[in-house]
Amino acid sequence: MSDPVITIQHVAKRYRTGSITRRTFRDEMTYRWLQWTRRDPARHMGKLGAVANPEFWALKDVSFDVRQGEVVGILGRNGAGKSTLLKILGRITEPTRGQAELVGRVASLLEVGTGFHPELTGRENIFMNGTILGMKLREIEERFDEIVAFSEIEKFIDTPVKRYSSGMYVRLAFAVAAHLEPEILLVDEVLAVGDVSFQKKCLGKMEDVAKQGRTVLFVSHNMAAVQNLCQRVILLQNGRLVAVGSQLEIISAYLGAVGDKSGQLRNRADRTGTGEVRVCEIELVDRDGRTIESAICGQEVGIRLYFSRLDTALWSRLCASIM
């Protein structure tokens with residue numbers, strides 16, 4: 001088994017939720033005085049002079065390893081810490097505690113326009129990003145035509161990217177990130193900006209990248225894409241790592257966690273009918289008869305119904321009607 005190329009050890013990230021008011025000369029002088037006396041302005045000033053629970057932990061003691069050639073998905077609700085984790089791995093922000101070690105060149109596609117200079121053209125941004133990744137000029141030139149063809153924006157390659165739409169940004173950004181051969185590719189939900197055909201092309205390219213022995217971390221709310229692309233999935237909840245496992249296992253756990261339990265049949269008060277037969281619960285079961293919270297595309301499932309107020313005669317008539 002290959003050595004880890006990504007090692008996350010007890011990573012935590014803290015943000016301050018209070019903003020510092022500096023609208024007047026007095027506020028500015030107070031801010032400078034606190035800094036000069038080595039006191040924290042956020043604690044003493046805060047928003048409108050009040051600080052209530054100024055700390056917010058986006059990540060809390062997260063640890064895991066990713067090995068070379070793995071495609072790992074990261075799932076979690078909005079605010080679970082997924083994007084924060086990728087920003088730490090992409091060296092956009094530093095962790096408050098812990099450390100993240102990466103071996104090899106890293107390309108990040110975290111949000112629309114990340115790493116692009118708006119005043120430069122698409123052509124110039126390709127060469128700039130390649131240089132940042134440590135590519136030689138000859139290597140970038142060899143891949144330039146392939147990048148432009150993949151992005152499908154040949155007509156606008158010499159236009160400043162500040163005039164690009166969000167979809168054009170994503171097309172060019174992904175093409176650059178995937179074709180300049182980084183050892184590690186970080187992809188956030190940004191692919192949702194593109195159209196369906198381009199999303200399919202991107203997923204296919206990520207599969208090719210993985211087959212070449214490179215590593216992909218993929219954040220998405222598209223369960224089908226995570227299931228088909230990822231070999232292993234990490235589940236984050238409220239900044240903590242709660243589970244690591246196979247695609248089906250973690251996707252089922254995630255969908256079960258976000259499901260709304262408030263509408264259970266036992267508690268419904270808006271039923272109609274005579275009440276002779278009352279369905280009080282419905283369960284999904286897998287091939288082994290174990291109860292599951294949700295079904296994934298392509299999975300074989302069974303449906304188990306629970307009845308109340310049902311006598312033998314009614315059951316016979318019900319079975320006959322179903323058959």
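**Close-ups of a predicted model**

**Figure 1. Helices α6 and α7 lie roughly parallel to each other (under 35 degrees counts as such).** This is a predicted model, where local features need pLDDT of at least 70 and side-chain atom pairs count only at pLDDT 80 or more, while totals for chains, interfaces and linings use all residues. Residues are numbered from 1 along each chain as its sequence is written, and side-chain values use heavy atoms, leaving out hydrogens and water. Here α6 covers residues 166-179 and α7 covers residues 196-211, packed at an angle of about 10° with their axes 11 Å apart. (Axes are lines fitted to C-alpha atoms over the stretch in contact, and angles run from 0 to 180 degrees between N-to-C directions; helices are DSSP runs of H or I with at least four residues, strands runs of E with at least two, numbered from the N terminus.)

**Figure 2. Here's who does the touching between α6 and α7.** On the α6 side, look for V170, R171, F174, A178 and H179. On the α7 side, the partners are F198, C202, K205, M206 and V209. Contact means heavy atoms within 4.5 Å. Sort these residues by class and you get seven nonpolar, one polar and two charged. (Ala, Val, Leu, Ile, Met, Phe, Trp, Tyr, Cys and Pro are nonpolar, Asp, Glu, Lys and Arg charged, the others, Gly among them, polar.)

**Figure 3. Helix α4 has buried residues along one face.** In α4, which spans residues 122-132, the buried ones are G122, N125, I126, N129 and G130. Viewed down the axis of α4, these buried residues fall within an arc of 135°, so they line one face of the helix. (The arc is that of the directions from the helix axis to the C-beta atoms.) Their packing partners are α5 (137-151) and α6. Just after α4 comes G134, with a positive phi of about 90°.

**Figure 4. Zoom in on N129, a residue of helix α4.** N129 is buried, and its relative accessible area is 15%. (Buried means under 20%, exposed over 50%, partly exposed in between, with a 1.4 Å probe and protein chains only.) Leaving aside residues up to four places away in sequence, N129 touches G115, F116, V176 and L180.

**Figure 5. Strand β1 holds both A12 and H10.** Along the sequence A12 and P95 are 83 residues apart, yet in space they sit 5.8 Å apart, C-alpha to C-alpha.

Figure 6. You'll find R91 in the loop between α3 (82-89) and β4 (97-102). R91 is partly exposed, with a relative accessible area of 46%. Most residues other than glycine have a negative phi.

**Figure 7. Stepping back, the chain has 10 helices and 12 strands.** Out of its 323 residues, 39% count as buried. Of the contacts in the chain with a separation of 6 or more, 67% come from residues 24 or more positions apart. The accessible surface of the chain comes to about 18,500 Å², and 50% of that belongs to carbon and sulfur atoms. (Areas come from the Shrake-Rupley method with a 1.4 Å probe.)

Methods:
Parallel < 35°, antiparallel > 145°, perpendicular 65-115°, else oblique.
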